[in-house]
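This report describes a protein model from its overall dimensions down to a few selected side-chain arrangements. Please keep the structure in view while reading.

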Amino acid sequence: MKLSARIAAPAAALVLAALTATACAPQTSDTGAVKDEKSGTLRVWLFQEVNNKPKQQVIDAATATFRAAHKGTKVEIEYIPVETRAERIKAAFNDPKSAPDLIEYGNTDTAGYVKDGGLADVTAEFNAWDEAKDTNPTAKQSVTVGGKIYGAPLFVGVRALYYRTDVLKDLGLAAPKSQAELISTAKKIHKAKPDLYGLAVGGAYTYGALPFLWANGGELTAGDDAPFKAAVNTPAARKGIEAYTSLFGDDNCPAAKCASMGGNATVTAFAGGKAAMAIGGDFNHQAVEAGSVKGKYAVVPLPGLKAGSIAPAFAGGNNIGVLKSSAHRTLAVDLMKAYTGKETQGKLFDAMGFLPTYTDVLADSAKKQPFITPFVKTLGAGAKFVPASPGWAQIDASLVLPTMYQEIISGRKDVGAASDEAAKKMDAAFTSAG
């Protein structure tokens, strides 16, 4: 989800007759709602942004269009803090009478919310929606659990390689085109300019490390469906882990300083002129522009193993889902489409920089704002997602992967022992999650 930036990371008014027609599928047996009322008040919880006014203006416009097509219907929107979302949403699942009809949620929370019984299965409505056919496959995966769809993607966020154009020019270096070149270029820069990290990396930067694992053929799990079994200790995954951890040391990013760094810290180092390269998201663009490197950097896709290839990136972002307890299922699905449709996503990009989840809208956005082109290329090359298991939230919260990387970086364990231990912890989490 876009919590970094918040990790970070980000529709055109719909033809409402089509909205109504495609959203009126029969109520499914799993909604948990006693009624499907066709009028009344819909309650919505959306995330509060740092600068929320532009988002609110786009949402208000989509809401007004929705209300014009649904006489007798009101919409009450509450913007909730991201930091307290877990408690608020869990309480809503446990108290249907006070729960909203529609929520915004981080895409890594999907499987957990489905297990908790909170989200409605909207597979039939999503598949019947004409606009949905243009959804980026990875974005669609983020609302899919066990082959069923539990919402609609709102925006997506991916990472690419930020680099200092002035530093590379001064040293006669080109932007790296392969993973090996990336590592060697980082070390050449630090050797020539010891006051700079060649490539800022962080031992606690899970989503900056995963592209190395994936580029080398590794995976988080063996297979994409339950029952999940960790695969971070396979030979391919270990090769990617070795590649990432090779960037920690006195020849690039000293372990004493970089082992504890997360994604925000690495981007801050780059924006503040302390690093020649960093792995950052489209959602980090404004922060970099506000830093001392403005006008002295460029962005390219993070390179993969082969020259010219692109390393798979994690596709973060947020979704909109209908609660299973909603007594206004049909209306809630229509409103979900209004908030996540093409026109609204296009407007959210213009207002907030959130990357659209539709391939055609994303391409149009790149024409308007060329800086997102490397991120669009990264998505097009095949971004990846985390396992669709409620166990992933436990793995993420308990810092299983950062602990693995930090043990290797510190020399406490070698790659084999650390990845075996991480795999055991992941398997335990998958098993306990069911």
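This is a predicted model: local features need pLDDT of at least 70, side-chain atom pairs count only at pLDDT 80 or more; totals for chains, interfaces and linings use all residues.

## Side chains and overall form

Arg-164 counts as buried, because its relative accessibility is 9%. This arginine belongs to strand β7, which covers residues 159-164, and, leaving aside residues up to four places away in sequence, Arg-164 touches Phe-270, Gly-273, Ala-275, Ala-276, Val-293, Lys-296 and Tyr-297. Two of these contacts, Phe-270 and Tyr-297, also belong to an aromatic cluster that Tyr-162 and Phe-375 complete.

Another arginine is placed against an aromatic ring: Arg-88 lies over the face of Trp-45, at 4.4 Å from the ring centre.

The number of aromatic pairs in the model comes to 14. One of them joins Phe-212 and Tyr-244, whose ring centres are 5.2 Å apart and whose planes meet at 55 degrees, so that this pair is classed as tilted. Because Phe-212 lies in helix α9 (residues 206-215) and Tyr-244 in helix α10 (residues 235-245), the pair ties together parts that are 32 residues apart in sequence. Tyr-244 also pairs with Tyr-405, with ring centres 5.4 Å apart and planes at 75 degrees, so the arrangement here is edge-to-face. Since Tyr-405 is part of helix α19 (residues 400-410) while Tyr-244 is in helix α10, this second pair ties together parts that are 161 residues apart in sequence.

The class follows from the cut-off, because a residue is called buried when its relative accessible area is under 20%.

A disulfide is a covalent bond between the sulfur atoms of two cysteines. Which hand does the disulfide of Cys-253 and Cys-258 have? The torsion about its S-S bond is about -85 degrees, so the disulfide is left-handed.

Turning to the protein as a whole, the model has 20 helices and 10 strands. Its radius of gyration is 22 Å, close to the 22 Å given by the globule rule for 434 residues, and the protein is therefore as compact as a globular protein of that length. Taken along the principal axes, the box filled by the C-alpha atoms is roughly 70 × 45 × 35 Å.

Note on methods:
Residues are numbered from 1 along each chain as its sequence is written. Side-chain values use heavy atoms; hydrogens and water are left out. Rings of Phe, Tyr and Trp (its six-membered ring) pair if their centres lie within 6.5 Å; planes under 30 degrees apart count as stacked, over 60 as edge-to-face and the rest as tilted. Helices (H or I, at least four residues) and strands (E, at least two) are DSSP runs, numbered from the N terminus. A charge sits over a ring if NZ of Lys or CZ of Arg is within 6 Å of the ring centre and within 35 degrees of the ring normal. A disulfide is a pair of cysteine sulfur atoms within 2.5 Å. Buried means under 20% relative accessible area, exposed over 50%, partly exposed in between (1.4 Å probe, protein chains only). Contact means heavy atoms within 4.5 Å. The radius of gyration is taken over C-alpha atoms; the globule rule is 2.2 Å times the number of residues to the power 0.38.
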